[in-house]
Amino acid sequence: MAKKRPQTKAKRPQLTDGQIPVVGAREPCPCGSGRRYKACHGRAAAHAVTELVHRPFEGLSGECDWVALRELVPAATVGLTLKDGLPEGVPSVTLATVLPMAWPALRRDDGSVLLGLQNDTSSGDISRDLADTLQRALAADPGTPVQARRAPADGPRLQDLLDPDGAFEPVVHSGFEFWVPDPENATPDVTASLERANAAAIPTVKLSGVDSAYWCETPEKNHLRWVMPYPEEQLLDALARLHAAGRSSLGEGTRLVGSFRAHGLTVPVWDLPSGVGADDVEKPAAEFAERLTAALAEETPLTADERRARGGLTNRQVTLS
């Protein structure tokens with residue numbers, strides 16, 4: 001038998017990090033190292049995907065309202081202003097809390113774009129995920145939704161795409177009819193999704209006298225949830241001072257019950273009697289804002305009563321994100 005000639009392997013071209021494609025975790029890494037992807041370039045990619053950005057909306061106009069629309073408000077829209085202006089054929093870009101069938105984004109028949117805010121995201125940076133979805137929506141064919149995907153780790157963030165000086169003025173809706181220009185001619189799937197969403201929506205109103213405070217109605221009691229921009233420790237000290245002094249309520253029958261963290265900001269929550277509507281708390285909320293400003297300026301150490309009040313507020317704090 002003839003001897004087999006020794007086989008020589010062609011040398012693989014070396015790829016730079018920016019050229020390494022994403023493959024299965026157990027597949028050989030495309031860089032040619034001979035290791036599995038998860039133990040080679042996949043390690044850095046996984047870290048980039050899972051690393052949590054605690055304040056994803058920091059630096060955007062209306063950061064507190066971004067947090068509120070992401071976590072608190074069922075149905076709302078906001079017109080967005082792009083740094084480089086609108087592309088040709090795109091008359092407007094609108095942020096929406098939720099879109100039909102939980103689409104991440106939608107390019108309407110007229111070319112306008114709706115961007116969904118409350119969708120699940122695949123990385124730890126909501127801003128990067130939303131920016132990727134927005135870019136794909138701007139380039140999508142009119143009349144098509146944009147599907148979810150993992151955003152590139154080096155892709156732009158909303159802070160790179162949106163005008164930092166653009167107004168951010170949420171419009172809160174009682175339902176989701178803003179989804180479709182003509183609800184009567186919507187597809188059966190969209191109509192069913194619209195009906196389900198409207199049935200589940202909690203009545204919510206944005207207060208006009210203070211920033212980023214939202215009243216909502218529930219069967220047992222109403223609530224005011226107020227997203228605040230202050231550093232958490234300073235805000236908790238100020239709330240504790242007011243609480244210990246009996247000045248933390250918003251009127252008779254109301255009570256500051258605690259707070260939660262959301263996307264790096266603190267959101268105090270008040271319980272309100274069922275008969276107290278949004279208009280009823282406008283003046284008390286404005287007065288509380290004045291008391292809070294004074295308490296935030298206090299620099300003396302907390303008293304024993306204030307420390308106990310702070311401990312109670314801290315024990316009732318919940319982290320949403």
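Reader: What pLDDT does the protein average, and what share of the residues score at least 70?
Author: This is a predicted model, and the protein averages a pLDDT of 89, with 88% of the residues scoring at least 70. Residues 1–13 are another story: their pLDDT is below 50, and beyond near neighbours in sequence that stretch has 2 contacts in the model.

Reader: What makes Cys 31 and Cys 216 buried or exposed?
Author: Buried means under 20% relative accessible area. Cys 31 comes in at 9%, so it's buried. Cys 216 has 2% relative accessibility and therefore counts as buried too.

Reader: How do you know that strand S11 is mostly covered?
Author: Of the 8 residues in S11 (265–272), 8 are buried. One side has Leu 265, Val 267, Val 269 and Asp 271, the other has Thr 266, Pro 268, Trp 270 and Leu 272, and all are buried.

Reader: What makes S9 and S10 partners of S11?
Author: Pairing takes at least two bridges. S9 (residues 222–226) has 4 with S11, antiparallel, so it passes that cut-off. His 223, for one, has Asp 271 as its bridge partner. S10 (residues 255–262) is joined to S11 by 7 bridges, also antiparallel, with Ala 262 opposite Leu 265.

How values were computed: Residues are numbered from 1 along each chain as its sequence is written. This is a predicted model: local features need pLDDT of at least 70, side-chain atom pairs count only at pLDDT 80 or more; totals for chains, interfaces and linings use all residues. Side-chain values use heavy atoms; hydrogens and water are left out. Buried means under 20% relative accessible area, exposed over 50%, partly exposed in between (1.4 Å probe, protein chains only). pLDDT is the predictor's confidence in each residue, from 0 to 100. Contact means heavy atoms within 4.5 Å. Helices (H or I, at least four residues) and strands (E, at least two) are DSSP runs, numbered from the N terminus.
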